[in-house]
Structure formats: C-alpha cells, structure tokens
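Subject: Structure for your review

Dear colleague,

Please find below the structure that I am handing over to you. My notes on it follow directly after.

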Amino acid sequence: MNLKKILAGMTASFFMFTAQAAPLENVQWNSENSGLNPGYTVDPVQNTRPVPEGDVLPNVTATSAIVIEASTGHVIYARNPDGPMFPASTTKVMTLLLALERGGLDEIVTVSENAWGTEGSTLWLDQGEKIPLQDLLYGMMMVSANDATVAIAEHIDGNVANFAAHMTQRAKELGATHTNFTNPHGLPDDNHYTSARDLALITAQGLKTPGFEQIVTTTEASFNWIHDDNNKLLRTENRLLWMYNGCNGVKTGYTQRAGRCVISAAKRNGIQLIAVVLDGLYMWNDSIILLDYGFDNIGVGTLVKSDEIIKTLPILSGRRKSMPVKTAGEIIVPLFKNQDAYEIKYDIPEVLNAPITNGEVIGKVRVNIDGKEIATADIVTTADVEQKSFFRLLLKHFNNFFA
C-alpha cells in the first residue's frame, strides 16, 4: 500500500507531475507497550466521565486533551482541542517563552512589592531582592512560583498588564487563536483562558527556543538566594521527567476552577511529541496514555531521497539538448499511521538555459502537511553545459527560418 500519491504544484513557469512516496510497510514504528521507565508504575484507572462517541482513548479523563507531533504540528489525537479552558500554571509556558525571546538570562531583576505579595505558589522572594532572570525562570517552572512570574513580567514590560497583552499577541502569532492571557501565572480570571491546541502550539515554539528545553527538563537546581539556610535546592513538580522515557518537559498546573492540568513532552528517535491535559481527574495517567498513543501511531521515514532524479529537462542554447536534474538532500519526516498526510511539490523550470554549472540550484522540492510547509530540499543540475557559440546560434536560427 502506498503512503499517498504526491501532487506537484503548478505556476506559470513551473510544470506539474506526480510521484509515489515510500510505502508504509517499510516504516519502522517507534512503539512499546508503555513509555514508563523501568521501576515506575501507574495504577490504571477507569474514566468516570462521559467521552465523545468514537473516542479512541476513552480512559483519558481530561475534559480537553491533545497530542501533536511538534515539528509538523500534526494532531495525532484530540478531544475538545479548541474549547476554552482555564490553564492554571500551564500559563507559565507562555511566560517562559516570552521571557526568553525578550529578556537576557543574566539580567538582574528587582523584586517589587507587587511581586512579593502575589498569592499562591512561591519562592518566598523578598521585596527589593535582586535575582538573575535565569534563576527566576528556573524557579517559575520547577516549583510554579507565582511571585517569580510577576517579577519577570514587571522586569520585561514594566507591569503585568503590558506583559499579559504581549503574551496574548505572541500566542496569536503562533496560531493560538483561542487564547487570551491576563496574567503571567494562571491564577483564576474569567478572561484568562486558552485551549489544548493552543498550549501545544506554544510549547512547540518553546522547544525551538534556546534555553527553553534546558529549563523545563531540569529536575533539581541549587540557588544561594533561596531563603532556607538548610536547603538551597529546588526540585521540579513534573514527575514525568523521572517516570516517562524521553520526557523533556514541560509544566503542571492546578486551580479549583481549572482542575488538574499538565503539558508534557517526550522525544524518542528524533520524534518530538507534545501532549496537553486540561481538567484531568488523573493527569499523570492521561499524559502517559496520550504519549503512548502518539508513539504507537508514528514512525520515521525518508520521504525524499538524496540524488534522486526528478526530471530530464530540455536545454536552450546549450551544447547538449537535455539534462536530468536531481535532489541535493534528503527529507526525513514523521510518518503517521492511517494518514496520507504529506503533499510533495516540485518547483522546477520547464527548460534550462545554458551555460549551466554542475550542482547549480534550479528549484526546490517542498513538503507540506496540513497546508503548512515543513521541509525543503534543493534540486540541482547534474553536469556542466557550455553555451553554443554565437555563430552556431545564428546558423541554427538561419536553418530554422528556411526549414
């Protein structure tokens, strides 16, 4: 069975043709019975909540959930992915992303009275303290410190309202269109909401951002400024970092209104998954089920091979009449079970014009999924071709005129 028929696009100066992608039978699937690390167990639970008809993961207890492949954004499983939900402290993923994009890790943050007085989870910061931004980011993500988030927001944007507005703006730039942030920590507010899909998109961008993965995968860290003479250690609240094979983040959250929430991520054999659980009765179980399902339904395959001949093109004004052109690199992508997801488009001219240099880039092969371009490779020439002399061109034109 073929993965799909590949449809090439056509513009005024390009032509269209079809090709075949690698068959699914040749894909090596990355799956195990469960991704739990040796020595860890999670008791199975029976979901007591109603689930949509036909839901393939009925034991997921979350009101809203999703698992995506990060590089493509392709959705492997979703339940109520766009419904408005309270995110609780998973909000801090957006706070971290914005702080990394707009702040310097070695900048010194002065803790305000407003930050000092923030309710909820805390680093017990003192008003007037001066702490490196990087340290506050670790504290915010590891122990969900709300006082740290306010200090960060005020440092970067002057006040919480301005920072929250930029959080919302940045989210929408990433395609998170069902999101509105009013604060950097996720404490309850009727106008502070998002969706499972939006949090997955934000996290995917975070994992591309320098410093993000290092912070969200840290399990323990020591800081001299912690107000405990006996223990300067922070320990993450994200149990999945120990429990789940390949886990690389990212953030838990809980309020009475939001329920139990967690954004989890795991990477194996080059495949990066992101799972979001919002309002789950058993958020760890839900995350493991989602990630297991994701890895069970995804593989890796070579969609475009290097040095593959694409087409033989005619040559104008050259000492040879035609030349094959080929790909200059391979494209390796995630492949999804039961999903003919990819479209491959070859953008190449109808003819080549001499002179031509071997290896000259004359086009692109583009791979799209869900309407989004996710990879490209160059298409190049395969030989040097000299241009015909002016006399030969004139003679050819003369012969054609009298033919």
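The largest pocket of this predicted model holds about 250 Å³ of space. Its lining consists of 14 residues, and T72, G73, L174, L201 and K372 are those that lie nearest the centre of the pocket. By class, the lining residues comprise eight nonpolar, three polar and three charged. Helix α6 contributes five residues, the largest share of this lining. Both α6 (196–207) and strand β4 (64–69) supply at least two lining residues each.

Six of them form an open sheet with mixed pairing, in the order β17-β19-β20-β15-β14-β18. At its edges are β17 (342–347) and β18 (352–353), each of which pairs on one side only. Strand β17 runs antiparallel to β19 (residues 361–369), and six bridges join the two. Within this pair, K345 has R366 of β19 as its bridge partner. As a general point, strands of a sheet pair through backbone hydrogen bonds, in either a parallel or an antiparallel manner.

A further pair is formed by β13 and β16 (residues 331–336), which are antiparallel and share six bridges. How many of the seven residues of β13 are buried? Five of them are, so that this strand, which spans residues 298–304, is mostly covered.

Yours sincerely

Definitions and conventions
Residues numbered from 1 in each chain as written. Predicted model: local features only at pLDDT ≥ 70, side-chain atom pairs only at ≥ 80, totals over all residues. Heavy atoms only, no water. Pairing = 2+ DSSP bridges. Helix = DSSP H or I, 4+ residues; strand = E, 2+ residues; numbered from the N terminus. Buried < 20%, exposed > 50% of the residue type's maximum accessible area, 1.4 Å probe, protein only. 1 Å grid on protein atoms, 1.4 Å probe; cavity = no way out; pocket = protein on both sides within 12 Å on 5 of 7 lines; lining within 4 Å. Points joined across faces, edges and corners; volume = space filled by probe spheres on them. Nonpolar A, V, L, I, M, F, W, Y, C, P; charged D, E, K, R; others polar.
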